[in-house]
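Hi everyone, thanks for coming. Let me put the sequence and the model up, and then we can walk through a few parts together.

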Amino acid sequence: MFTISEIRGFPFPVQLRTEHLTGHQCRISPLRGERGIGAGGCAMPDTGEVPCPFCPERIFLETPPFPSGERVSVGESVTFPNRYPFSAFHTVTVISRSHAPDRFSVRQIRDALTGQWSVLSDAEGYVSINWNHLSSAGASMHHPHMQGIADPEPTAYTRRCLEGGARYREQTGESYWEAVIESERGGPRHLFGSEVPWYAHPVPLGEKEIRAYLPVGTPGDAEPYIDALATGLERVIALYREQGHCAFNMAIRFDRKGSVGDFRAFLSIIARINPTPAGTSDSAFMERLHCEPVLFTIPEDLPALFADRK
Ligand SMILES: [Zn+2]
């Protein structure tokens with residue numbers, strides 16, 4: 001599924017990993033972790049709008065409703081169309097009443113996901129449910145929120161996954177997704193979960209990338225797994241926090257409604273550098289222009305971190 005090679009000529013080990021499915025490459029330099037990058041505590045400067053339109057006293061006055069005139073409320077969460085869309089269908093779910101909650105409960109995450117599903121599960125095209133948390137993860141609003149998008153075409157990385165999976169099926173007659181899920185099961189990157197297994201991804205898209213694979217491919221079929229996703233997400237976010245990472249990006253990507261392909265929808269989450277007064281980012285030329293992230297955690301080291309929490 002992937003190859004690992006050592007880049008030689010350094011006084012310390014650097015791995016170059018390549019994922020066969022997508023051609024994605026990353027570099028892992030554990031020494032960078034010793035510099036304390038991204039673990040600078042959880043001081044969270046609020047760079048968002050003040051007063052905040054996502055806070056409870058303004059949300060029903062300052063966010064747009066759907067064409068029906070309604071917004072969707074599930075528990076604390078409120079879902080409405082994005083006022084500044086970049087997709088054919090682009091929704092926002094504000095997760096919590098609190099503007100800057102210390103942590104997220106399983107219930108808050110589950111209710112927010114349920115809100116996203118309620119407007120996206122039947123959407124045409126390619127759906128994803130996403131979450132940028134904190135400004136250093138690209139969030140323009142400090143108040144925690146998810147974003148769902150649906151477009152006639154998949155996003156670039158989802159396309160690479162779908163096309164890679166179809167190619168694998170053509171060449172082997174088997175499902176890549178079943179093969180990858182089974183080959184990771186019980187292995188050195190398996191963190192927890194059985195029906196919805198959570199694995200450290202071997203060729204990460206970002207720091208401490210963790211993926212959860214669903215047994216189904218489309219948003220409509222995936223609704224029964226909201227609980228499993230919320231429970232696992234709470235654990236991963238708590239672990240990130242213990243490791244000093246408060247900012248993160250998450251995406252759950254799906255095949256389109258009615259697809260006959262064998263894609264398995266999966267959640268992917270990466271830790272990001274916390275907001276700092278210096279505005280340090282973990283996206284630099286390697287990440288943005290060479291599409292090759294430089295990380296510092298070996299994926300096989302992640303299960304031990306979860307084991308330590310028990
Ligand atoms: Zn707010």
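A quick definition to start: the expected span of a helix is 1.5 Å times one less than its number of residues. Helices here are DSSP runs of H or I with at least four residues, strands are E runs of at least two, and both are numbered from the N terminus. This is a predicted model, where local features need pLDDT of at least 70, side-chain atom pairs count only at pLDDT 80 or more, and totals for chains, interfaces and linings use all residues. Residues are numbered from 1 along each chain as its sequence is written, and side-chain values use heavy atoms, with hydrogens and water left out.

So, helix α7, residues 226-242: its 17 residues should span 24 Å, and the end C-alpha atoms are 24 Å apart, which agrees. Its buried residues (under 20% relative accessible area with a 1.4 Å probe, protein chains only) include Ile226, Leu229, Leu233 and Val236. Just after α7, Gly244 has a positive phi of about 90 degrees.

Now the sheet. How many strands form it? There are 10, in an open, antiparallel sheet ordered β4-β5-β6-β8-β7-β12-β13-β11-β10-β9. β4 (72-74) and β9 (190-192) stand at the edges with a single partner strand each, so one side of each lacks a neighbour in the sheet. Pairing takes at least two DSSP bridges between two strands; β4 and β5 (residues 77-81) have three, in the antiparallel sense.

Finally, Thr218 sits in the loop between β11 (210-213) and α6 (219-222). Thr218 is buried, at 12% relative accessible area. Thanks, all!

Note on methods. Buried means under 20% relative accessible area, exposed over 50%, partly exposed in between (1.4 Å probe, protein chains only).
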